[in-house]
Amino acid sequence: MSAQKDCEFLVKRARELVPDDPCAAKAWLITARTLYPADFNIQYEMYIIERNAERTTSAGRLLYDMFINFPEQPIVWREISVITAALRSDSQDKHAQFLRGLFETLPGRVQCEMLLKATEQCFNTLEKAEMLLLLLKRFPESVVQHGVNLGETLLEAEVSENVETPVNCFRKLFVCDVLPLVINNMDMRLPASLMQKYMLKAAEFYIGYVTRGPSPDVQIQGSKEGGSLKSPSVSRGSQRYVIDGLSEKSSVVAEPWERLLDILAVVGVRCEWQGDKGQRSYVDMLQRVKELCRYLPGLEGDTRSRCCSQVVICAALVLFRSAFLYVSAVQPALFQAVNALSSGPWILVEDLSSVYNDVEVERGAVKHAHKKRKLADGREKTMSSDDEEGLGKGRGRHILVNKTEMPSWSETLESFRTARESWDLLHSHDGLETEFKKICASWKTDSWLWFRIFLSDMIIYQGQYRKALSSLHQMAAVQQPQPGQQSPSGQTSLEHHRALIQQASCHYALGEYRVYIHIYIQMSVITFQRFSVLFIVC
C-alpha cells in the first residue's frame, strides 16, 4: 500500500475503535503519528478524540502542534474560529467553558499569534474589530501597536457604512471598549488634538444613547423602581434596546454619564488641562471652568488654545447633561415608553394669571427664598426664586411650580439653572462661542427636539419673546401632524401643541393680543389639559 493509503487505513481503524475502546484508538493513532509525523489527518484525528472527550490539556497540546506544523490547513482555522467565538461570547455552557479552557493551555506567545492571524482571516469589519479587541484586552502591551489603528478603523467604518446615528455598533465598540484601553495606556504618546477628537466622539455617543427616543415597535414600561433625577438612564433601563449589529446584552451601556466623566478626567490629565487630576462631578467641573474664564483674555498661544478647549468641552458636556435632566423631567415621553404621557408633560409660560384675577400672589423681597402662592381652588404652589448672581438675562424672574405634582421640582429647576449658566459661559467669549458652534454643527444639535425644547424655554425665561417665537415657529412647523397621519404615541401633536401654547404666551407678553386670541382659539380645552404649567413671574 502507498503511504497515503496506509495513513487513511490507520485513521479509519482508530475511528472505528473510538466508541468501544478509545484507548486502543489512541494507541493506533500514536503509532500512526510515529510512522507518519507529517500527516495532518492523523494529528487532526487525535485532536478530535481529545476534544470530544473534553480533555483540556491534551487537546490544547495537539491544537498547538497543528497550529505550528500545519498553519495553512483550513480545518485548523475553522477550529480556531470556534474557539475565538467562545472567547468573545459570555456563554456559560459547558462546551464554551471547555473551549476557553483549551485556549488558556496554550503558551501566551501562541495565543497572541493565533489571535492576530485569526483577525487576518476575518473579512467583516465588526468581527475583525472584536477579534482584535480580544487581543488588546488579553495582551495590554499590544495596545501601543494596534490600539489607535483599531479605533480609526471603527470610525472609518462608521463613515463608509453611511451610519446615520452616532449610536451604532462601530461607535459603541470604539467608545466603550477601545477608547478606555488607549487613553489609559501611559506608554502611548497621543497628541492633544487626537485626544480631544476621541473625547468628542465619546460624548456624542453617550449623549445620543441617553437621549434616544422610545422604540416605535417595542414599547415597554420602564422600571417602576426608576432612578433618581441624577441617574435618569436607570429608569429606562428595562426597555429593550438593541443597537444594530450587536446583541441586546451588548447594546446595554451602564451609567453613561459617569463613564463620560471618567473619560473626561483621563483626557484632561493627558492634555494637561488646568485643575484637579480628576473631576469630582459635573457641577464641580463647571465651577472650575468658570474660574478659568476669568483668565482667558490674558492668555496667549498654546496656553490660550488649551484653556479654550478645556472650557468649551467641559461646559458643553455640563450644558447637554443639565438640559437633558431638565427636559426629561418636563417631557419624559421623549425618552421613555408611551405610557409616560399619562403623567402629563410640563410647559413653561409667562404667568398671565393677573389677567383672570384668580391668583393672589404673596410677594417678598428676600432673595433666593422659597415663597408660596394660593390658587382660587386652595391648592398651594411653591415658587422658587432663580435670580442668580452675575447673569443679566432673567434677573428678578422666578419659576412657579406645583410642588405636589412635581416632587423633584428642586432638582429640575437646578438643572435648568445649571444649563442656562453653561450656555451663557459658552457665549461669553467669541473664541468659546466659535468652538462650541463647531461642536453643535458636527453633532447636528439642530435636529435634537429635546434640546430645542430647552433652548425655547431658556429664551422665554430670559424674556426674549421675539427670539423665542422664531424658535417656536420652527418647532411647530417640524412637529405639525400631517393630514391622514397618526402618531402612535401622540408625541408629534403633543410637541406641536406645546409650541403653540408657548407662542400664545409670548404674543400676549408682547401685547399682541389679536395673535394671541387667534392661536388660542385653534386649541381645544383638551389641549391645555394635557399640560401641567410652570409659570414665570417677575
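This is a predicted model: local features need pLDDT of at least 70, side-chain atom pairs count only at pLDDT 80 or more; totals for chains, interfaces and linings use all residues.

Modeller: Searching the whole structure turns up 18 salt bridges.

Colleague: Why is the pair E113 and K117 called a salt bridge?

Modeller: The closest N and O atoms of E113 and K117 are 3.3 Å apart. The cut-off is within 4 Å, so the pair counts. The two sit four residues apart in helix α7, about one helical turn.

Colleague: What makes K117 partly exposed rather than buried?

Modeller: K117 has 28% relative accessibility. Buried means under 20% and exposed means over 50%, so K117 falls in between. E113 is partly exposed too, with a relative accessible area of 28%.

Colleague: How do you know that R171 and E158 form a salt bridge?

Modeller: Their N to O distance is 2.8 Å, and that is within 4 Å, so they qualify. R171 belongs to helix α10 and E158 to helix α9, so the bridge ties together parts 13 residues apart in sequence.

Colleague: Are R171 and E158 buried or exposed, and why?

Modeller: R171 has a relative accessible area of 3% and E158 is at 8%. Buried means under 20%, so both get that label.

Colleague: What makes R417 and E421 a salt bridge?

Modeller: They are 2.5 Å apart, N to O, and the limit is 4 Å, so they pass. Both lie in helix α16, four residues apart. Through shared partners, salt bridges join K290, E414, R417 and E421 into one network.

Note on methods
Residues are numbered from 1 along each chain as its sequence is written. Side-chain values use heavy atoms; hydrogens and water are left out. A salt bridge is a side-chain nitrogen of Lys or Arg within 4 Å of a carboxyl oxygen of Asp or Glu. Buried means under 20% relative accessible area, exposed over 50%, partly exposed in between (1.4 Å probe, protein chains only).
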